[in-house]
Amino acid sequence: MNDGGSGGPRRELGAFLRSRRERLAPADVGLPGSPRRRTPGLRREEVAELAGVSSSWYAWLEQGRVRTSEQVLRSVARALRLNADETAHVLSFVEHAAPAGQAPGWVSRNLLSLVEKLAPNPAVVLDPHWDLLAWNAGYTALLTDLARLAPKQRNLLWLVFRWPPARSLLASWEPEARSLLGQFRAKAARHPEDGRYAEITGELLADPDAVRWYGRRETSAFHPAVRHFRHPVAGDLRLRYVKLAAVDQPGHHLLAYLPDDPATEEALTALTG
């Protein structure tokens, strides 16, 4: 079962599993504790027993030395008491025969027209790195004129962590920033050879909050939700995030911000008018 390929993602998976093993206490999984225990969290052999695999195989898994199946990773996830987002992150490392193709760095005419027609509702097109490829007048009015930013700064992660107004614009900045960072970390972990992910990570780690949260290996997934903005001109805005995959341009996503109440709808219209 030992396989030399794809070492980077496997090592990342192993490091993530180890971090989750070390946060568990024996009592969390119904095992007796011991005052002489030196290992933080559970031992590898304890996780292996709970997951129904051999101790040596589980050790190899944490060392990034083996490929595995979805069924086995689900067993390991249950043994480690992973939540739904963490389990999805672990399952994303199941290796498939053909890697996904590279997403184009341009936006189709149809997708660009859709973004423009959504105004005054803010809308943007994201690539797999969450670089912003297209945006409308509503997005500019809600945040800032992205055309004035350097191309490398036109990135959703950069805006949230490195653009100072974001911390006052987003009423719940910390939980939203942590969730976004967790989603990005989960994606970047599967592409260690991708220089753009590494570049964005380096930029993010100039922020102390990002450093702290990134080191915890927190992961999350996108969930539709209502976000509360405190806009300096339009006041309080409640916006629903809608994220759609572009079938005609694999790897691209449309992210739209729709008003959740009449007051927000009126404010967006006035803001772009």
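**Exercise 1.** Where is the place of R81?

*Solution.* Start with the loops: R81 sits in the one between α4 (70–79) and α5 (84–91). Helices here are DSSP runs of H or I with at least four residues, strands are runs of E with at least two, and both are numbered from the N terminus. Next, check the backbone: R81 is not a glycine, yet has a positive phi of about 55 degrees. Most residues other than glycine have a negative phi, and most peptide bonds are trans.

A word on the model: it is predicted, so local features need pLDDT of at least 70 and side-chain atom pairs count only at pLDDT 80 or more, while totals for chains, interfaces and linings use all residues. Residues are numbered from 1 along each chain as its sequence is written, and side-chain values use heavy atoms, with hydrogens and water left out.

**Exercise 2.** Find the peptide bond from A119 to P120 and say whether it is cis or trans.

*Solution.* Go to the loop between α6 (109–117) and β1 (123–126), where P120 lies. Now read omega: it is near 15 degrees, and the bond is cis.

**Exercise 3.** Work out how α2 and α3 pack.

*Solution.* First, the angle: α2 (residues 44–51) and α3 (residues 55–62) pack at about 110 degrees, with axes 8 Å apart. Axes are lines fitted to C-alpha atoms, for helices over the stretch in contact, and angles run from 0 to 180 degrees between N-to-C directions. The two helices are therefore roughly perpendicular, a label for 65 to 115 degrees; under 35 is roughly parallel, over 145 roughly antiparallel and the rest oblique.

Then pick out the contacts (heavy atoms within 4.5 Å): R44, E45, V47 and A48 in α2 meet S55, Y58, A59 and E62 in α3. By class, that contact has four nonpolar, one polar and three charged residues. Ala, Val, Leu, Ile, Met, Phe, Trp, Tyr, Cys and Pro count as nonpolar, Asp, Glu, Lys and Arg as charged, and the others, Gly among them, as polar.

**Exercise 4.** Do likewise for α10 and α12.

*Solution.* The axes of α10 and α12 (residues 208–215) come within 10 Å and cross at roughly 55 degrees, which means α10 is oblique to α12. On the α10 side, W173, E174, A177, R178, L181 and R185 meet D209, A210, W213 and Y214 in α12. Sort them and you get six nonpolar, no polar and four charged residues.
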